[in-house]
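Welcome! Please take a moment with the sequence and the fold below, and then we can walk through them together.

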Amino acid sequence: TQSTWAPAKPAPAAAGGSGSAADLWREVTDQHSARNWVICDSSLAVVGSGSGGLAELKATLDPKQVQFAGFRVFAVDEQGSKRTKTVFVVWIGSGVSALARGKALRMKDQASQAFSGAG
């Protein structure tokens, strides 16, 4: 199976987001929603969301932070069948100290629950 990203309807990226991580994640997982990614900080506060796909999400990640992100992609098989897939990411920026990494990663299970269904 080959995964490719394809946008839904265009919408502007949002700094932060209007809702909780779980609320925005529900939008991301809705294949009819324009929103296709969300990023939270280590306390699960939303720091960004948008409709520009993986490239936009990657440009929004902070190299000085531990962040949790989720995004939507479409998997296309050899017969052309298209399925929606969701991905949960734990981002540890290159500028994060070992102590800060350990402290922030304690939130990983809670973040995984907020991004339920990813994987």
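Predicted model: local features only at pLDDT ≥ 70, side-chain atom pairs only at ≥ 80, totals over all residues.

Residues are numbered from 1 along each chain as its sequence is written, and side-chain values use heavy atoms, with hydrogens and water left out.

Let us begin with confidence. The score used here, pLDDT, is the predictor's confidence in each residue, from 0 to 100. The protein averages a pLDDT of 83, and 82% of the residues score at least 70. Confidence is highest in strand β3 (residues 37–40), at a mean of 96, and lowest in strand β1 (residues 2–4), at 42. Over residues 1–16 the pLDDT is below 50, and beyond near neighbours in sequence this stretch has 44 contacts in the model. A contact here means heavy atoms within 4.5 Å.

Next comes the layout. Helices (H or I, at least four residues) and strands (E, at least two) are DSSP runs, numbered from the N terminus. The protein has four helices and six strands, and from the N terminus on the elements run β-β-α-β-β-α-β-β-α-α. Among contacts with a separation of 6 or more, 58% are between residues 24 or more positions apart. How much of the protein is buried? Buried residues make up 35% of its 119 residues. Buried means under 20% relative accessible area, exposed means over 50%, and partly exposed lies in between (1.4 Å probe, protein chains only).

Now look at Gln67, which lies in strand β5 (residues 66–76). Is Gln67 buried or exposed? Gln67 counts as buried because its relative accessibility is 4%. Leaving aside residues up to four places away in sequence, Gln67 touches Ile39, Cys40, Asp41, Val47, Thr60, Leu61, Asp62, Val89, Val90 and Trp91.

Rings of Phe, Tyr and Trp (its six-membered ring) pair if their centres lie within 6.5 Å; planes under 30 degrees apart count as stacked, over 60 as edge-to-face and the rest as tilted. By this rule the count comes to three aromatic pairs. One of them joins Phe88 and Phe115, a tilted pair at 5.3 Å centre to centre with 40° between the planes. This pair links distant parts of the chain: Phe88 sits in strand β6 (residues 82–92) and Phe115 in the segment after α4 (108–114), 27 residues apart. Phe115 counts as buried because its relative accessibility is 2%, whereas Phe88 is partly exposed, at 22%. Ring pairs link Trp25, Phe68, Phe88 and Phe115 into a cluster. Elsewhere, Lys82 lies over the face of Phe74, at 5.0 Å from the ring centre. A charge sits over a ring if NZ of Lys or CZ of Arg is within 6 Å of the ring centre and within 35 degrees of the ring normal.

Finally, turn to the charged pairs. A salt bridge is a side-chain nitrogen of Lys or Arg within 4 Å of a carboxyl oxygen of Asp or Glu, and the count comes to three salt bridges. In one of them the side chains of Asp23 and Arg26 meet at 2.4 Å, N to O. Both residues lie in helix α1 (residues 21–29), three residues apart, about one turn of the helix. Asp23 is partly exposed, at 37%, while Arg26 counts as exposed, at 51%.

Another salt bridge brings Glu27 and Arg35 together at 2.9 Å, N to O. Arg35 is found in the loop between α1 and β3. Its relative accessible area is 15%, so Arg35 is buried, whereas Glu27 is partly exposed, at 31%.

The side chains of Arg83 and Asp77 also meet in a salt bridge, at 3.5 Å, N to O. Here Asp77 counts as buried, at 15% relative accessibility, and Arg83 as partly exposed, at 34%.
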